[in-house]
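Please look at the protein shown here; the questions that follow go through its fold and then one of its helices.

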Amino acid sequence: MSIILHGFPLSGHTHRVELFLSLLGLSFTRVNVDLPQGAHKKPEYLVKNPLGEVPVLEDGEVTLADSNAILVYLALRYDPTGHWLPREPVALAQVQRWFSIAAGQLKQGPGTLRVAALFKRTIDRSGPVAISKQLLSLLEATLARQSWLVGSDATLADLSLYTYTAHAPEGGISLEPYPAVRSWLARVEALPGFVPMAKLSAS
Ligand SMILES: N[C@@H](CCC(=O)N[C@@H](CS)C(=O)NCC(=O)O)C(=O)O
C-alpha cells in the first residue's frame with residue numbers, strides 16, 4: 001500500500017507531514033499541487049479537501065486533510081514506540097494545545113508574514129508581528145526550561161511548531177533574541193531522518 005502526499009514544496013503545513021513521514025522512515029509519493037496556478041481550487045482536488053488547502057494524505061482507502069490531523073493518524077498507525085503522540089492525559093492535552101497554537105498564532109504570525117513575502121503581497125505587518133513576538137516569547141520561556149515542548153522527548157508538538165518557526169526570518173522575524181528557540185530548532189534538525197523545507201530564494 002503506498003502513501004501519497006499532496007502538497008506544495010514551500011508550504012510549511014506540507015513540510016511538517018513530510019518531515020514526520022521521513023522521521024518514521026515511511027516511503028511515500030509526493031504529488032505537487034500547484035498553488036500559484038490554483039490547482040488546489042480545482043474540482044479534482046476539492047474532492048480530496050473541500051477546503052482547498054494542502055496537505056492531503058492518501059493511504060490506501062484513507063484520505064485525510066489537515067496537517068495536524070495527518071500527524072495524529074501517522075503516529076497512531078505507524079509509530080510503534082508511541083512517543084510521538086503520548087497517551088498520558090496531561091501530555092496528550094499539551095500536544096493538542098500546541099496543535100491549536102500551530103493552527104492559530106503560528107499561522108497568523110510567522111506563517112502570514114512568510115506567505116506575504118512568498119507571494120510578494122503588501123500587508124499590514126503590525127498584527128502578525130505582534131502575534132509572532134508573543135508566540136516566540138512563549139516558546140522561549142518554555143524551551144528555556146525543557147528540551148522539548150512536551151515532556152522529555154520529541155513529540156508531534158515539536159514537529160507541528162518547527163517549520164514556520166524555523167522559517168520565520170523569511171517573513172522578517174528575527175530569531176536572534178530567542179536562543180532557547182534556536183537550540184530547540186537545532187535539536188529537531190538533528191533528529192535521524194530530518195529533512196529541511198526549501199528556503200525562499202529572496203532570504
Ligand atoms: N489547517 C490546515 C491549513 C493548511 C494551509 O493553510 N495550507 C495552505 C498552504 S501552507 C494552503 O493550502 N493555502 C491555500 C489557500 O488557502 O488558498 C492544515 O494544517 O493543513
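Q: In what order do the elements of the protein run from the N terminus on?
A: This is a predicted model, in which local features need pLDDT of at least 70, side-chain atom pairs count only at pLDDT 80 or more, and totals for chains, interfaces and linings use all residues. Residues are numbered from 1 along each chain as its sequence is written, and side-chain values use heavy atoms, with hydrogens and water left out. Helices (H or I, at least four residues) and strands (E, at least two) are DSSP runs numbered from the N terminus, and the protein has 7 helices and 4 strands. From the N terminus on, their order is β-α-β-α-β-β-α-α-α-α-α.

Q: What is the radius of gyration of the protein, and why does it count as being as compact as a globular protein of that length?
A: The globule rule, 2.2 Å times the number of residues to the power 0.38, is set against a radius taken over C-alpha atoms. For 203 residues the rule gives 17 Å, and the protein is as compact as a globular protein of that length because its radius of gyration is close to this, at 16 Å.

Q: How many of the residues of helix α6 are buried?
A: Buried means under 20% relative accessible area, with a 1.4 Å probe and protein chains only, and 49% of the 203 residues of the protein count as such. The cover over the buried residues of α6 includes α1, α3, α4, α5 and α7, where contact means heavy atoms within 4.5 Å. Helix α6 (residues 156-166) is largely enclosed by the rest of the structure, because its buried residues number 11 of the 11.

Technical notes:
Buried means under 20% relative accessible area, exposed over 50%, partly exposed in between (1.4 Å probe, protein chains only).
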